[in-house]
Amino acid sequence: MTLVERLGRVSELLIALAGSPIPTHVFQTLADQAETVIAFDYLAVCLREAEGEAYLVHPLAGDAAETHAGRPFAPEEGLPGRAMATGRVVLVDDLTAEPDLVPDLEGRWTALGLRAALIAPVRRGLEVLGALVFAARGRSAYGPDDVQVASLVAAGLGAGFETSRIYQSLSDERSTLAAVLGSTQDAVVMVNPDGIVLLANPAVRPMLGLEPEALGGAPLPALLAEGPLRPLLEAGEPATIELGLPDGRTALASVVPVRTAYGEAVGVAAILRDITLLKELEGMKNTFVNTVSHDLKNPLGAIVLTAEMMLRSGPADPRHAARCQSILGVTRSMTELITDLLDLGKIESGLEAPREAVDLVPLVRDVASSLQVQAEAKKVALAVETPERVPVLATPGRLTQALLNLAGNAVKYTPAGGRARIGVTVTPGGAPGGAAALVTVSVTDTGIGIPAADLPYVFDKFYRVKSKATRDIEGTGLGLAITRSVGEAHGGRIWVESEEGKGSTFTFTLPAGSN
């Protein structure tokens, strides 16, 4: 074979190596095609480990492919180490004539009849990665042309490794990007300047009702109907808008230009974040501010007006004492409102004392006892029905507060001659490892009841049933909201059953404690 023919085949081999971006493919391509450019009985690649403190020999082809012990070799150990250390091709006509051979490397080669060796360093730029080893049984098997060919193949192998490194780096970056986009709850859609979708993450499915697999390469008009998002993407300018989603939720859509590190325009990306909860919280905040402002402004106005009248009339006015009592009453109402707000904030934020094992029965009886005077004054019969002992894991103060809210409302909203009852029952749990025992507390009254239209809202903050029957009954509208938060904080739930004019039953549950 002439040198020109060999160089032609070397070109084909180098092209094949460049087209194999995965290291194992590079090795396989070299093993399959190397003998078309240079004769050998043994072919191996020696590669330095990441730390550069040793190299490993990887046999690729030849009858003597298993000719090393597989151990790491020191950087300058053996003929491959010499080629890597000097950066030059090592040509040996007769291995048996070489001094200081490594027994478990070149010693094995000679034991299997290999005599000539041609070893070319493999570089990546100025960095030496390893060495390419050709060996043959005949002495003086390699000449100057073989040295040139081996150097070219080694250079192609180094370029193949560099391609593999870049490919792996890009693959890792793509995998990381895909993992990030796949994990985020924000929908991301990216289009190029021609309006073709380049990228869409899985979150577009629940948010926009689109299949991300079908979006790549599709034109934007075919995917998004006329609406606020499509014009923004088509305009390609930075913008942020609130966007109504198909299922009624609200998203904040941010459109940003996408450019390469060199400033080249790639397209624009729209990032959609579900802000439905934030909008609801904003509405709740506005309602809260408006309600509190109203509930505090009116009492403050009454206090100011009464104080001005007292200043004008002086202490000799026969109504002086009554006006002082009015100021005290309004101030107590405001204090109660502020206290309830603080309590609700503590409960909902979890800033509570640790729960402890407590018997629910004494708490229920203490609550009934504290309300007995009020019930007798209204001629309301207040009864208690409980087992002898009901252990629960709870914060006693908060549980007492919830019981007072419910039982106090039962007495407050029950006309004279009516009845109110606090009942406690325990439902046994299932088998070991199954459901725990459940404690149910019910507060029943024969009072004015709650209209059906108001039932869904009675546990909302500041909500009060407005009717002729409740017009003169004072309250902050926070008692039931506090009770619900207390129940939920203890792992239970609360509900109400009521019929207007016939009374109500408020029920909440708690997990039972250990006996």
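This is a predicted model: local features need pLDDT of at least 70, side-chain atom pairs count only at pLDDT 80 or more; totals for chains, interfaces and linings use all residues.
**Cysteines**
- Cys46 sits at 1% relative accessibility, so it counts as buried.
- Cys324 comes in at 31% relative accessibility and therefore counts as partly exposed.

**Helices H2 and H5**
- Helix H2 (residues 23-33) and helix H5 (residues 144-183) have axes that come within 9 Å and cross at roughly 160°.
- Angles over 145 degrees count as roughly antiparallel, and H2 and H5 are therefore roughly antiparallel to each other.
- The crossing of H2 and H5 is right-handed.
- On the H2 side, the contact is made by Pro23, Val26, Phe27 and Leu30, while H5 brings in Val153, Leu157, Gly160, Phe161 and Ser164.
- Sort the residues of that H2 and H5 contact by type and you get seven nonpolar, two polar and no charged.

**Helix H3 and what it packs on**
- In helix H3 (residues 78-86), the buried residues are Gly78, Leu79, Pro80, Gly81, Ala83 and Met84.
- Those buried H3 residues pack against several strands: E1 (42-48), E2 (55-62), E3 (90-92), E4 (116-124) and E5 (127-136).
- Helix H4 (106-111) is also among the elements that the buried residues of H3 pack against.

**Thr440**
- You'll find Thr440 in strand E15 (residues 438-445).
- Its relative accessible area is 16%, and buried means under 20%, so Thr440 is buried.
- Setting aside neighbours within four places in sequence, Thr440 is in contact with Gly423, Val424 and Thr425, and also with Thr507, Phe508 and Thr509.

**Leu480**
- Leu480 belongs to helix H12 (residues 479-489).
- With a relative accessible area of 13%, Leu480 is buried too.
- Not counting residues up to four places away in sequence, Leu480 touches Leu406, Asn409, Val458, Phe459 and Phe506.
- Ile494 is 14 residues from Leu480 along the chain, and their C-alpha atoms are separated by 9.7 Å.

Terms used. Residues are numbered from 1 along each chain as its sequence is written. Side-chain values use heavy atoms; hydrogens and water are left out. Axes are lines fitted to C-alpha atoms, for helices over the stretch in contact, and angles run from 0 to 180 degrees between N-to-C directions. Helices (H or I, at least four residues) and strands (E, at least two) are DSSP runs, numbered from the N terminus. Angles under 35 degrees count as roughly parallel, over 145 as roughly antiparallel, 65 to 115 as roughly perpendicular and the rest as oblique. A crossing is left-handed if the near helix is turned anticlockwise from the far one by less than a right angle, and right-handed if clockwise. Contact means heavy atoms within 4.5 Å. Ala, Val, Leu, Ile, Met, Phe, Trp, Tyr, Cys and Pro count as nonpolar, Asp, Glu, Lys and Arg as charged, and the others, Gly among them, as polar. Buried means under 20% relative accessible area, exposed over 50%, partly exposed in between (1.4 Å probe, protein chains only).
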